[in-house]
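Please take me through the features of this model one at a time.

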Amino acid sequence: DPLLGYSNEQAHDRLCGAQHADSSTPSSQHSLYPATKCTAACPSHHACEDSWEESQSKRTIRAENEVEANKLVNNYRFGFRKWKSHVTERPFEGRSDVVKELYSELNVIKPHSGHFITGGNVAYMLLFGWWVSLAYFLVGTLMFITVTGVPYGSMVVKDIFLVVFLQMGNTLRRCCERAPYCECSMEAEEDNSPFLLPSPTEVPVPEMPDRPLRTPYWCRFVTYVWLLLGYPPLVVVHSLACFISWILVFTIPVFKMNARTLGVILLLPPEDVSISHQGYETRALLCCYHAANWYYYKYTIDGINVFAANLLPLVIVALVTGYIDRENKYASSDVKFTIAIGSIIPLSYYIGMGIASISAQSNFAVGAVVNATFGSITELTFYITALLRGHQQANTCLEEVVKAALTGTLLGCILFIPGICMIIGGLRHSEQRFNSRSAGVSCALLFISIGGVFAPTLFSKAYGNLVCDSCTNSTGKRFLKITHSFIIILLHLLLINSALFVFRPLVYTVCALLPVAYIIGLLFTLKTHSHIYNIHVEEVQVSSHHGTVVHWSRWRSLVILILATVLTSACADLATEHIQPILSQPNISQYFIGVTVLAMVPEIPEIVNGIQFALQNNISLSLEVGSCIAVQVCMLQIPILVLFNAFYDVGFVLIFSDQHLWASIFSVILVNYIFMDGKCDYFQGTALVVVYLILLAQYYFAPSPAGC
């Protein structure tokens, strides 16, 4: 990808190559392992490593335009959401042949080499070909029965072979009947690919004095017979095939083929779509070599990935089933909860796209405000909705579920996201390197975050384990309930007017300090010590007839952000409304549901971004994806929840269970140890993922929390 600049290994190679430029060994003959190359280049291994660390702090990013450059720079900024997808339209002529194939139309004959009997084509026959051809056979029979529709019946019956076998026929072409007189190209070699070619009415042909005049298409009686009897059933068949093939994503070529057949070919006069083994043509009505293409996971619609676009209808389904079917006549609570949680995935993607678009088109201050405001909106919406519903229903279980979801987000972002990215990136690139200084800053912020969030919990472990509901002083402040009665009496006698052992002031103090630490982290990484990242942007000159075209303007992004936030709130309300049957499962701990489903589902777009960065050998951003989310959870989301509870008491107390406490502390220590040397591979990633799965197993077998 030209936007990523040099990879870590390439930068290492260029550094070592420059240091031993006098060496007679050609660079093309160097070993693939950086340490081997540096042995001859550097006086010592440590000197080479120091030079490598210095080179790592100087990263060159190549971008196609200024907006993309801003987005790429924002990816390296602390507190900004890391976004992989483009926010501007990329020039089509500069794309690879694989990507061009994804967006190509089916009306051009392209050179093809290889076999037509592929797994995708065989799957097409099994999934689509047989029942679509059966529909064609029935429609063709019906048209023959009408007598007047015989021309269309003949056309439909002849199409059965193409419908069944797609591209697996032999020497089958559709060309103009007057091949010697049309402008067909005779230079191409004959192949075995079947396709539909335009008729003489679409291709200019020489004037022929003996050519008979034809009745206009809309003045024929057979046209209306076809449109009333034959065309409607095929509309249903092709529409169903379009829907299934589009949802499957990898079969989008089948969608294009059915859509073009339905919208163009079946509306042509039958004599204009003829089958012939003679003649050659460079322009076709329909030409598709493969029914499936595995690279369609890259397909985007207005900048939105096709998977996110396909999941968007879940939002409508969730709202309709949730707010209309109140009595669960058509869908159970389990189904409604699953749909509501699943609908949060595309909404999170749209929110991420909106944040990245606004940040890329605005200055640093606006981008920082937007990221701080909307960066955690998905999770906060769910947490606040759950706390409100738990308070209204006097259900303390939802409070524990929220705490489990907060802890699950921390564990997932600290262990699972870096781990899975290391595994996938390490399998492709063997060993990956990252900027250990920037990773050290992230780890320090993680230590501060975890220490601040769990400070009230440690306080309660030292001086008591519950909040006293009845013990208040003259000002109404709540004291800790101490397990032993004599300690309670002692505190009442000696510290009745002291705030030392008052729990809420401690929580408020911590929640006031954490955002301050977040702001200091912003100033440190973006202003005073921005040289740690030292990003240099090099704009690539791309030949294009158009200027920079953004997918979403700032105002459009803002409207989508607000709309997605409202919809997320509605879906979160439905999820919390129908979560009780899930929590009532006797074999599954409520802790497990919180740390897995509720914690990680909203983070799926971030996981995908991290994996994409790792595949392109940019493991630094993959690691920053998880660290950024974890820091925002502790320094922004939890203080906001405490602030919300201060103004509207929903019973949220910042005391976590022992399992939450020790799992989070152990995870931060482990990931800090992994990040120390600035190198990673799939083994280290496996270690993180295994530890994460062990912790999930503990939550799975743990007893239900109090109140559930």
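Predicted model: local features only at pLDDT ≥ 70, side-chain atom pairs only at ≥ 80, totals over all residues.

Q: Which residues does UniProt list for "domain: Inner membrane component"?
A: The unreviewed UniProt entry gives residues 120-158; positions follow the numbering used here, feature names are shortened, and annotations may be inferred rather than shown by experiment. In the model, residues 120-158 are 90% helix and 0% strand, with 23 Å between the end C-alpha atoms. Helices (H or I, at least four residues) and strands (E, at least two) are DSSP runs, numbered from the N terminus.

Q: Is Asn617 buried or exposed?
A: Buried means under 20% relative accessible area, exposed over 50%, and partly exposed in between (1.4 Å probe, protein chains only). Asn617 is buried because its relative accessible area is 4%, whereas Val147, at 57%, counts as exposed.

Q: What is Ser343 in contact with?
A: Contact means heavy atoms within 4.5 Å. Ser343 lies in helix H12 (residues 333-360) and has 0% relative accessibility, so it counts as buried. Leaving aside neighbours within four places in sequence, Ser343 touches Leu314, Val315, Ala318 and Cys571.

Q: How many salt bridges does the structure hold?
A: Side chains of opposite charge can pair when their charged atoms come close. The cut-off for a salt bridge is a side-chain nitrogen of Lys or Arg within 4 Å of a carboxyl oxygen of Asp or Glu. The structure holds 11. One of them joins Glu68 and Lys71 at 3.5 Å, N to O; both residues lie in helix H4 (residues 66-75), 3 residues apart, about one turn of the helix, and both are buried.

Q: Which parts does the salt bridge of Asp325 and Lys336 tie together?
A: The side chains of Asp325 and Lys336 meet at 3.8 Å, N to O. Asp325 lies in the loop between helix H11 (313-323) and H12, and Lys336 in helix H12, so the pair ties together parts that are 11 residues apart in sequence. Asp325 is buried at 8% relative accessibility, and Lys336 is buried at 3%.

Q: Which residue forms a salt bridge with Asp658?
A: The partner is Lys461, with the closest N and O atoms 2.5 Å apart. This pair links distant parts of the chain, 197 residues apart: Asp658 is in helix H25 (residues 658-674) and Lys461 in helix H17 (residues 455-463). Asp658 is partly exposed at 40%, as is Lys461 at 44%.

Q: Which residues make the nonpolar surface patch?
A: Patches are made of residues with over 30% relative accessible area and no salt bridge: like charges are joined within 9 Å, nonpolar side chains (Val, Leu, Ile, Met, Phe, Trp, Tyr) within 5 Å. Areas come from the Shrake-Rupley method with a 1.4 Å probe; for residues, only the protein chains shown count as cover. The patch covers about 840 Å², and its residues include Ile117, Val122, Leu240 and Phe243. The largest share, 4 residues, comes from H8. Leu240 lies in helix H8 and is partly exposed at 43% relative accessibility.

Note on methods: Residues numbered from 1 in each chain as written. Heavy atoms only, no water.
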